[in-house]
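Biologist: Got a two-chain model to go through with you. Can you take me through it piece by piece?

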Amino acid sequence: MNESEKLSNELKDIKQIMERSSRFISLSGLSGISAGICALIGAWLSGIVIERNKRAVHNLKRSIADTDSIMYGDFIHSHLFQIAIITFFASAFFAFLFTYRRSKKTNTPIWGITARRLTINVVVPMIAGGIFLFALIRDGVYGFIAPGCLIFYGLGVLNASKYTLPETRYLGYGEIIIGLINLFFMGQGLYFWAAGFGALHIFYGAFMWSKYEMKS
Amino acid sequence: MKNPIENLNKTFDSRIRLGIMSALMVNASINFNDLKELINVTDGNLASHIKALEENGYIKVQKGFIGRKTNTLYSATKAGEKAFRTHLDALEKIIKNMR
């Protein structure tokens, strides 16, 4: 190895350590795709539940004091809530799985300094958003759940993008915009939810996968 | 023209020291274990190189505790950042001249 090569390698090492110590680069595009697919399945199942209980939903809107419709309402809400929880854990599981696999490949610790920073920065806005939305649900303001989820998730992603692959911030912008538009189309939350958590995730994941992982 | 090799800093003439400085340039502070994981070295090896950099005034050490466990934080000093930048510039120049 000649002197020039040795120095070039030194520079390469320096760049790599700077990158590895400041950003979590093992985030896999496949995580985005799998999360998007889970979200679409979840939205599809929710659509079926809502369709089957159209009358109950209608009743619930008409008269909150009607005991019969509230029972129906509780029923579909618990069903939708279960679907949402399962969707969340399924997508989190697959997202973790693919990123874990990638971290093995790139030889970076899955729970190192950068992963911790990334997690804290995405989780704080999401927990704040979650508590905020629970308060809205308690007060019966269901229309804001879908746009609220999208906006707070987008803010979390945008915040975390400083600590991972930089293109991730466009996912954050996209989620925020879709959430904001949703605010002006109340009652269409499920479609916006499918667009933001489903389509946008798949689009983002496919882009990241083709950019960073396809060749390796 | 002055030979850029003169601008290479002898203190950074080690892969581990370069690694330590690189990590501290982009992070406000890092603790011992994270640094060890990042650069892939043994405790003793890392400690001796940290000591050398500290004696040169390039990094500062902050001893603290998390519960009962010691948590020592390292960060680059102003002088350290400047010295490392000069070193990097020199490296780049040398490589450019060699091509």
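**Chain by chain, then the contact**

Modeller: Buried residues make up 35% of the 216 residues in chain A. Bear in mind that this is a predicted model.

Biologist: What secondary structure does chain A have?

Modeller: Chain A has eight helices and zero strands. From the N terminus on, its elements run α-α-α-α-α-α-α-α.

Biologist: And what share of the chain A contacts with a separation of 6 or more comes from residues 24 or more positions apart?

Modeller: In chain A, 73% of those contacts join residues 24 or more positions apart.

Biologist: Switch to chain B. How many helices and strands there?

Modeller: Four helices and three strands in chain B. Along the sequence the pattern is α-β-α-α-β-β-α.

Biologist: What about burial and contacts in chain B?

Modeller: Chain B has 99 residues, and 28% of them are buried. Of its contacts with a separation of 6 or more, 55% are between residues 24 or more positions apart.

Biologist: What box do the C-alpha atoms of chain B fill?

Modeller: Roughly 55 × 25 × 20 Å, taken along the principal axes.

Biologist: Now the strands of chain B. What order do they take in the sheet?

Modeller: The order is β1-β3-β2, in an open sheet of three strands with antiparallel pairing.

Biologist: Which strands stand at the edges?

Modeller: β1 (30-31) and β2 (59-66) of chain B. Each has a single partner strand, so one side of each is left without a neighbour in the sheet.

Biologist: How many bridges between β2(B) and β3(B)?

Modeller: Eight bridges, in the antiparallel sense, with β3 of chain B covering residues 69-76. B:Gly64 has B:Asn71 as its bridge partner in β3(B). B:Val61 has B:Tyr74.

Biologist: Let's zoom in on α1(B). How does it pack with α1(A)?

Modeller: Helix α1 of chain A spans residues 3-22. α1(A) and α1(B) pack at an angle of about 40°, with their axes 8 Å apart.

Biologist: Left-handed or right-handed crossing?

Modeller: The crossing of α1(A) and α1(B) is right-handed.

Biologist: Which residues meet there, α1(A) to α1(B)?

Modeller: From α1(A), A:Glu10, A:Asp13, A:Ile14, A:Ile17, A:Met18, A:Ser21 and A:Ser22. From α1(B), B:Arg15, B:Leu18, B:Gly19, B:Ser22, B:Ala23, B:Met25 and B:Val26.

Biologist: How does that contact of α1(A) with α1(B) split by class?

Modeller: Seven nonpolar, four polar and three charged residues.

Conventions. Residues numbered from 1 in each chain as written. Chains lettered and ligands numbered in written order. Predicted model: local features only at pLDDT ≥ 70, side-chain atom pairs only at ≥ 80, totals over all residues. Pairing = 2+ DSSP bridges. Helix = DSSP H or I, 4+ residues; strand = E, 2+ residues; numbered from the N terminus. Axes fitted to C-alpha atoms, helices over the stretch in contact; angles between N-to-C directions. Left-handed = near helix turned anticlockwise from the far one by under 90°. Contact = placed C-beta atoms within 7 Å. Nonpolar A, V, L, I, M, F, W, Y, C, P; charged D, E, K, R; others polar. Buried ≥ 20, exposed ≤ 12 C-beta atoms within 10 Å, placed from the backbone.
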